Amino acid sequence: NDMKFNLKQLLKGKKHDISFNSIELIFNILKNVDNKNKFRIYLISVLVLLNGITESSIFLSILPFLQSVSDPAPLLNNKYIQILQIANQNELILFTSIFFLSCLLFSTLFRMFALLCINKLTAIISVNIAKKLLRNILSQKYDFHINTNSSDLLFLLTTERASLTRVLRSVASALAFSITF
């Protein structure tokens, strides 16, 4: 008896057709995420927006640096630069270089932190869904277990979980880093 199952049917505990698209997969995943992890998804969304702002700071901080190298006179006459008591072009270049590198370092560290949070959350979600899949498999009727090869179920469970993790990480990373202001 050649029984084929997939993530969707195991989440629902029913037998269905083997194929469905990625968007439907994402919505099915979100339906099966508990409230605690939905809140974490919200927090990561805020983190992603903040990451977009830090990415923008790199572009904004390069402009004063380029201005200080090419034509420093407008910057040296700026009231904010005068408050810092920067008197010549060399000090201005040093200040704008340090400012640019600081923005770059902060943005890079923030991006790494965001990636760490995204990877950790996708791992948590995929483990929770794998638990639900296993629970659904184990709660099937006796006839199901008699007629189904357990190694096929184990193979399906491990491959579907790995696929789920890849999809979650890909979607989360793509969404996370497509937001740059």
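How near do the axes of helix H3 (residues 35–70) and H6 come, and at roughly what angle do they cross? The legends below take up this question and several further close-up views. The model is predicted: local features need pLDDT of at least 70 and side-chain atom pairs count only at pLDDT 80 or more, whereas totals for chains, interfaces and linings use all residues. Residues are numbered from 1 along each chain as its sequence is written, and side-chain values use heavy atoms, with hydrogens and water left out.

**Figure 1. Overall fold of the protein chain.** The protein chain contains eight helices and zero strands, where helices (H or I, at least four residues) and strands (E, at least two) are DSSP runs numbered from the N terminus. Read from the N terminus, its elements run α-α-α-α-α-α-α-α. Of the 181 residues, 32% are buried; buried means under 20% relative accessible area, exposed over 50%, and partly exposed in between, with a 1.4 Å probe and protein chains only.

**Figure 2. Contact of helix H3 with helix H6.** The axes of H3 (residues 35–70) and H6 come within 8 Å and cross at roughly 160°. Axes are lines fitted to C-alpha atoms, for helices over the stretch in contact, and angles run from 0 to 180 degrees between N-to-C directions. H3 is therefore roughly antiparallel to H6, a class assigned to angles over 145 degrees, with those under 35 counted as roughly parallel, 65 to 115 as roughly perpendicular and the rest as oblique. The crossing of H3 and H6 is left-handed; this term applies if the near helix is turned anticlockwise from the far one by less than a right angle, and right-handed applies if clockwise. The contact of H3 with H6 comprises 25 nonpolar, 11 polar and three charged residues. Here Ala, Val, Leu, Ile, Met, Phe, Trp, Tyr, Cys and Pro count as nonpolar, Asp, Glu, Lys and Arg as charged, and the others, Gly among them, as polar.

**Figure 3. Contact of helix H6 with helix H8.** H6 (residues 89–138) and H8 (residues 150–176) have axes that come within 9 Å and cross at roughly 150°. H6 is therefore roughly antiparallel to H8. The crossing of H6 and H8 is right-handed, and their contact has 16 nonpolar, five polar and two charged residues.

Figure 4. Phenylalanine 106 and phenylalanine 110 form a tilted pair, at 5.9 Å centre to centre and with 35° between the planes. These two residues are separated by about one helical turn, because they lie four residues apart in H6. Phenylalanine 106 is partly exposed, at 49% relative accessible area, whereas phenylalanine 110 is buried, at 16%.

Figure 5. Glutamine 85 lies in the loop between helix H5 (79–83) and H6. Although not a glycine, glutamine 85 has a positive phi of about 60°; its relative accessible area of 68% makes it exposed. Isoleucine 93 is found in H6 and is partly exposed, at 24% relative accessibility. Isoleucine 93 and phenylalanine 65 are 28 residues apart in sequence, and their C-alpha atoms are 6.4 Å apart in space.

Figure 6. Cysteine 103 is buried, with a relative accessible area of 13%, and cysteine 117 is partly exposed, at 22%. Zero disulfides are found in a search of the whole structure, a disulfide being a pair of cysteine sulfur atoms within 2.5 Å.

Conventions. Rings of Phe, Tyr and Trp (its six-membered ring) pair if their centres lie within 6.5 Å; planes under 30 degrees apart count as stacked, over 60 as edge-to-face and the rest as tilted.
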